[in-house]
Amino acid sequence: MADRFFPNEMPDYIPETPSVESAAVAASDSLTKLLHLPYRTLSEGLKKAALDLKDTVVKETWVGKGKRVGDYTLYTGALGTAFLLFKAYQVTGDKNDLALCSDIIEACDSASRGSGRVTFICGQAGVCALGAVAAHHKGDQQLCHQYLAQFKEIKLSQDLPDELLYGRAGFLWESSFLNKNIGKDTISSTRMRAVVDEIIKSGRRLAKGRCPLMFEWHGKRYWGAAHGLAGIMHVLMDMELKPDEVEHVKGTLR
């Protein structure tokens, strides 16, 4: 069976003593030099590199495609570029990034109509959530309310899976994103609680042995973030849980 990991090519830990710092600066290993830079110099260098990369991504995925949306999702499409611009705006306060983010979201909104998907990563709900937050930061409350109204019209089907990519956990994540970025109870605790109840009920039904919660995606059990336990537990830890539910999450993580 092939190895399913990437080799760790990072240098071993080096204590930051003056003599070692001098040796690191003189070394030919550029990564070691980078890791021994003063914090401010290092962070500014990393920020510049990240913003340069952001500009490249925008050029390749938006400008280079004629500012048209084929794939609207955050996962593999244009909304991912919009989210990158929003994160850049949060770091720099550059309103040009926020304005371009909003333009891309508007195009994604048109492309996502009728998709029926309910998560931040792969659904129309993600477009509405990011659109509302971007509009809120721009001070356009009318547009913010418009996106929120669309979001609140989205219905969760009874056969929705529990996972993060396409399921209930993904809906909870974007609800939490809205509450953190716009205000508490933007999405009501009552609505979110109903979704938590469904996830907990499903997890208990499939649980076996020492693991108090378990979930399946297309009949298989996954450990990872997209379809499995890691993603669902990550979201549940951000919810208001009952004492027994807290213990079940802890027991699952153990």
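Start by colouring the protein chain by pLDDT: the mean is 89, and 89% of the residues reach 70 or more. This is a predicted model. Now select residues 18-27. Here the pLDDT is below 50. Beyond near neighbours in sequence, this stretch has ten contacts in the model. Where pLDDT is low, the predicted coordinates should not be read in detail.

Next, a helix pair. Select helix 6, residues 124-138, and helix 8, residues 168-181. Their axes come within 10 Å and cross at roughly 5°. Angles under 35 degrees count as roughly parallel, so helix 6 is roughly parallel to helix 8.

Show the side chains where the two helices meet. From helix 6, pick Ala 125, Gly 126, Ala 129, Leu 130, Ala 132, Val 133, His 136 and His 137. From helix 8, pick Glu 174, Phe 177, Leu 178 and Asn 181. By class, this contact has seven nonpolar residues, four polar and one charged.

Helix 9 gives the most, with four residues.

Now centre the view on the pocket. Which residues lie nearest its centre? Select Asn 179, Ser 189, Met 192, Met 239 and Glu 240. They belong to a lining of 13 residues. The volume of this pocket is about 300 Å³.

Last, colour the lining by class. Six of its residues are charged, four are nonpolar and three are polar.

Terms used. Residues are numbered from 1 along each chain as its sequence is written. This is a predicted model: local features need pLDDT of at least 70, side-chain atom pairs count only at pLDDT 80 or more; totals for chains, interfaces and linings use all residues. Side-chain values use heavy atoms; hydrogens and water are left out. On a 1 Å grid over the protein atoms alone, a cavity is a set of points where a 1.4 Å probe fits but cannot get out, and a pocket is an open set with protein on both sides within 12 Å along at least five of seven lines; lining residues have an atom within 4 Å of a point. Grid points are joined across faces, edges and corners, and a volume is the space filled by probe spheres set on the points. Ala, Val, Leu, Ile, Met, Phe, Trp, Tyr, Cys and Pro count as nonpolar, Asp, Glu, Lys and Arg as charged, and the others, Gly among them, as polar. Axes are lines fitted to C-alpha atoms, for helices over the stretch in contact, and angles run from 0 to 180 degrees between N-to-C directions. Angles under 35 degrees count as roughly parallel, over 145 as roughly antiparallel, 65 to 115 as roughly perpendicular and the rest as oblique. Contact means heavy atoms within 4.5 Å. pLDDT is the predictor's confidence in each residue, from 0 to 100.
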